[in-house]
Amino acid sequence: MSDAVLKQLFEVVKARKQSSADESYVASLHDKGLNKILEKVGEESVETILAARDADQSGDNSKVVYETADLWFHSLVMLSHLDIEVDDVLDELESRFGLSGLEEKANR
């Protein structure tokens with residue numbers, strides 16, 4: 001798999017940003033503003049963390065996958081609200097290849 005799915009989803013999110021808040025969940029989040037979007041990102045982060053903790057105990061990763069998808073989705077809504085392109089994030093991740101995590105942290 002490539003980054004195509006992520007980019008395709010981001011294009012859908014950006015298009016729905018312009019929709020009616022009555023017809024689109026994404027548009028309703030944008031209509032409520034950045035704080036509501038950030039609240040959703042935070043909520044999904046916590047749910048992902050809890051699912052990961054449960055998966056560590058149970059060995060069942062299905063909820064981690066589900067919650068991570070929600071987290072990524074709401075993160076894309078946040079990026080679109082701030083007019084940040086998904087390619088900007090992908091480029092940042094790509095720039096970190098070849099660096100150890102310790103080097104990357106030291107370069108900040």
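**View 1. His30 reaches across to Ser80.** The side chains of His30 and Ser80 make a polar contact at 3.1 Å (an N or O pair within 3.5 Å; within protein, one atom must be able to donate a hydrogen and the other to accept it, and residues adjacent in sequence count only if both atoms are side-chain atoms). Bear in mind that this is a predicted model, where local features need pLDDT of at least 70, side-chain atom pairs count only at pLDDT 80 or more, and totals for chains, interfaces and linings use all residues. Residues are numbered from 1 along each chain as its sequence is written, and side-chain values use heavy atoms, with hydrogens and water left out. His30 sits in helix H2 (helices are DSSP runs of H or I, at least four residues, numbered from the N terminus). With a relative accessibility of 11%, His30 counts as buried (buried is under 20% relative accessible area, exposed over 50%, partly exposed in between, using a 1.4 Å probe and protein chains only). Setting aside neighbours within four places in sequence, His30 is in contact with Lys17, Ile37, Val77, Ser80 and His81 (contact means heavy atoms within 4.5 Å).

**View 2. Helix H2 from start to finish.** H2 covers residues 25–32, and Val26, Ala27, Ser28, Leu29 and His30 are buried there. What covers these buried residues? Helices H1 (4–16), H3 (34–58) and H4 (62–81) are among the elements that do. At the start of H2, a side-chain oxygen of Ser24 comes to within 3.3 Å of the backbone nitrogen of Val26. After H2 comes Gly33, with a positive phi near 100°.

**View 3. Tyr25 pairs with Phe73.** Searching the whole structure turns up one aromatic pair (ring centres of Phe, Tyr or Trp, the last by its six-membered ring, within 6.5 Å). The ring centres of Tyr25 and Phe73 lie 6.5 Å apart with the planes at 20°, so the pair is stacked (planes under 30 degrees apart; over 60 is edge-to-face and the rest tilted). Tyr25 belongs to H2 and Phe73 to H4, so to speak distant parts of the chain, 48 residues apart. Tyr25 is partly exposed, at 39% relative accessible area.

**View 4. H1 packs against H4.** The two helices pack at an angle of about 55°, with axes 10 Å apart (axes are lines fitted to C-alpha atoms over the stretch in contact, and angles run from 0 to 180 degrees between N-to-C directions). On the H1 side, the contact uses Leu6, Leu9, Phe10, Val13 and Lys14; on the H4 side, Phe73, Leu76, Val77, Leu79 and Ser80.
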